[in-house]
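The following questions and answers examine a structure step by step. Please consider each question before reading its answer.

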Amino acid sequence: MITPLFTRWAALLQQQTQRPAYLRIADFIAEGISTGELPSRYRLPPLRELAETLGLNYTTVTRGYAEARRRGLIDSRPGLGSFIRARASASSALPASTYEMTMNAPTEPAGAAVEEALRAGAINLFNQTDMLSLLRYQDFGGTAEDKAAAMRWIGRKLHVESEADVLVCPGIHSALMGIMTLLKRRKGAVCVSSLIYPGMKAIASHLGVRLQPVLCDAQGPDPLAFEALCRSGEIGAFYINPTLQNPTTMTIPEARRRALAECCQRYNITVIEDDAYAALSDAPVPTFAGLIPELTWYLTGLSKCFGPGLRIAFVKGPDRQMMQLLSGVLRALTVMSSPLTNALARQWINDGTADRMLIAIRQEAGIRQQIAAACLTGYPFEADSAGYHLWLPLPGLVNANASDIAAKLREKGISAVSGAAFCTGNLPADALRICLGGSQSRQQCEEGLKILAAMLADPIHFSGMAI
């Protein structure tokens with residue numbers, strides 16, 4: 001079936017590039033798998049149907065599917081079609097030395113002190129709480145106690161006047177889904193950076209919301225290019241991940257934030273500020289919600305500071321009316337966030353465990369960044385000492401594209417994400433995002449980085465690969 005994803009491919013193929021169309025089809029499939037738009041066992045369109053949609057001949061699309069099979073992305077069966085290859089389950093046999101660098105998970109602190117504090121806080125909560133009350137339905141958005149804890153956490157970066165201005169939600173991704181559902185009712189595209197969180201791409205594709213990339217430089221979206229898009233009347237909202245951006249690790253400086261905020265104010269552009277990594281950074285920069293509160297949805301949470309298992313987000317909207325609308329949408333999508341999760345988060349924030357966890361994670365992230373700097377000496381990667389991922393541009397390093405290199409690394413048991421997964425423009429970024437938190441120990445992290453460095457240093461590993 002032809003969906004908005006495939007029509008987007010057709011638009012991207014209209015952009016001029018020297019890269020052959022059949023290779024770009026395989027790139028698109030790899031990107032769709034990374035973003036979740038092409039889940040395991042998804043049936044791709046028949047060759048002739050996709051060729052007609054993309055404006056290509058049958059042979060080119062056939063070569064594209066063949067390239068995707070060569071990369072291990074799809075399987076084809078005569079009479080049945082082509083399907084996204086199923087990912088191995090957790091119980092599947094994996095190489096003995098697997099270095100997980102795909103998911104952008106927090107570094108786990110070394111030592112038992114923080115883990116013991118987490119356990120003690122949880123035991124204290126369950127000893128003092130009516131457990132049955134945590135198994136009942138509750139009003140969406142959290143209790144007064146949950147919201148008070150949320151205000152305390154958000155208060156690190158943004159002043160919140162009242163508990164009525166905060167919603168407690170089941171994760172930032174769910175909150176983004178709700179906000180994008182609201183924005184779908186409006187006209188105009190959502191303006192985004194040229195590289196963004198893949199989950200946002202998946203949400204936009206699912207809802208049929210068009211993403212409009214804006215020209216970016218070393219400090220983030222270019223204000224002049226952004227204003228030109230706003231002036232055109234085609235932009236309805238602006239999505240930004242301004243602190244320790246995923247994937248580039250960039251934190252947008254204050255002057256650039258103010259310039260972009262002023263433009264949003266001038267053209268009445270809604271801002272979606274995804275500040276998932278805000279607590280990790282001490283950068284003295286204002287939030288968009290602080291600069292233009294009347295236009296900004298501010299989202300932060302705990303999963304990027306504790307771990308992905310703590311799915312909880314705190315949201316502050318432009319005004320209380322918009323918060324009520326979002327509450328209604330999220331109630332329909334998720335019913336409510338887990339009272340058990342809310343209670344744990346509240347306990348850890350109030351008793352100081354969250355602060356101790358945050359300090360320990362930042363210390364461990366700093367150590368792993370030092371390990372990465374030592375292992376990848378001479379390679380121009382981008383990183384932030386407070387973060388736990390790095391961005392490695394590849395041009396000039398090896399004679400192969402990022403998707404093929406990521407596939408080759410997987411053969412060595414090293415997982416990395418190709419820049420194509422994050423790209424919103426017409427050309428996939430020739431880079432890799434490598435997460436330093438996926439390995440459970442510093443030793444595993446260092447071993448994986450050394451293997452990566454050795455492969456990059458010896459071009460023979462990538463000889464004969466398509467470019």
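Q: Which residues of H1 are buried?
A: This is a predicted model, in which local features need pLDDT of at least 70, side-chain atom pairs count only at pLDDT 80 or more, and totals for chains, interfaces and linings use all residues. Residues are numbered from 1 along each chain as its sequence is written, and side-chain values use heavy atoms, without hydrogens and water. Buried means under 20% relative accessible area with a 1.4 Å probe, protein chains only, and helices are DSSP runs (H or I, at least four residues) numbered from the N terminus. In H1 the buried residues are Leu 5, Phe 6, Trp 9, Ala 10, Leu 12 and Leu 13.

Q: Which helices are included in what covers the buried residues of H1?
A: Contact here means heavy atoms within 4.5 Å. The cover of these buried residues includes H2 (21–35), H3 (47–54) and H8.

Q: Which strand is joined to E12 by five bridges?
A: Strands are DSSP runs (E, at least two residues), and two strands pair if DSSP finds at least two bridges between them. Pro 393 stands opposite Ala 431. The antiparallel partner of E12 is E14 (residues 431–435).

Q: How many of the five residues of E12 are buried?
A: Strand E12 spans residues 389–393 and is largely enclosed by the rest of the structure. This is so because the number of its buried residues is four.

Notes. Buried < 20%, exposed > 50% of the residue type's maximum accessible area, 1.4 Å probe, protein only.
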